Amino acid sequence: MNQNHRALWSCAMAAALLLTACGKTNAGSGSSGSMSGSSTSSAQTQTAAWKTGLGVVTEATDQDRAGKIELAAAAVLLDGEGKLESVLLDELEVSVSADSTGHVTLPTDWRTKRQKGDDYPLAEVSSLKKGWAEQADAFASYLIGMTPEQVSMLKVDKDGKPTDADLLSGCTIAVDEAMNGTSDITATDDKDVNAQVDVSIVALTTDADRRVTSAIADMAEPALTVVSDGGVTAPDLVKTKLELGEDYGMRGASALGKEWYEHSEGFCDALKGKTRTEIAGLSGGDADLKALCTIDITDLQKAALDALS
């Protein structure tokens, strides 16, 4: 029987997902819930008028001795009429390859496309001469004022690229990190390699004083399996922890009798009303926090702090 050796990375995407609701006194107040769908996860915090949402799509693909993990995240703010007031987008791509001896080559750059900035070489090959973040922001601006239903009806070509002339003028992209990894890992007949990326994602809204008014936190753990001949296998479906919901299976092992999504909601509740400095001072040993959440908050806290930077 083959044993599994895990090569792990972590990546906080939240630096790209800060939404500001300055002057909107109801934005982000209220309770949070979750919704799920095929290959996506999303959650929204409801208010009398405004809603904060986070959506994540994760895909893993394989071809011969190579595999790729792609994760796209969208943070949105809906106004009282259910129309998009603010949108922020980011994507993460991780590629893994292996040779015929099972030697695995892991990536060396764990940043998201937005975090890479000019290091992501899209501008030089783009007909618009614009980088990824610039084009993603153009797409986000195009969505402002639309309802979710209108967004779902946007027309794209077979490659996922927009067909609307107004959108094409600003965007031609398809619209459909603390690392423990090493570059010297080899799969053997007795030991497969699981190359897993742990992604922590936090979307926030803040008021004019930069205090958090709402928060949504999610995590994904997509993995590729490499065998001794260098073959790479991707899972058919990757769900985030929010999307897994009750199927994550944490309730029985939780001292609070809660599932992961409920611990996440507790962590997010603890963020509300706090500044970045106050969030930095949060500790898993804090009695008030422990009453709401007992999961390890290290990565989620780092993601929230990155968003507020």
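Residues are numbered from 1 along each chain as its sequence is written, and side-chain values use heavy atoms, without hydrogens or water. Because the model is predicted, local features need pLDDT of at least 70 and side-chain atom pairs count only at pLDDT 80 or more, while totals for chains, interfaces and linings use all residues.

Let's begin inside. A nonpolar core here is a set of buried Ala, Val, Leu, Ile, Met, Phe, Trp, Tyr and Cys residues joined through side-chain atoms within 4.5 Å; buried is under 20% relative accessible area, exposed over 50%, and partly exposed in between, with a 1.4 Å probe and protein chains only. Helices (H or I, at least four residues) and strands (E, at least two) are DSSP runs, numbered from the N terminus.

Now to the loops. Aspartate 64 sits between strand S5 (51-63) and strand S6 (66-78), and its phi is near 55°, a positive value in a non-glycine residue. Most residues other than glycine have a negative phi. Aspartate 64 counts as exposed because its relative accessible area is 65%.

Arginine 210, in the loop between S10 (191-206) and S11 (212-220), also has a positive phi, about 65°. At 36% relative accessibility, arginine 210 is partly exposed.
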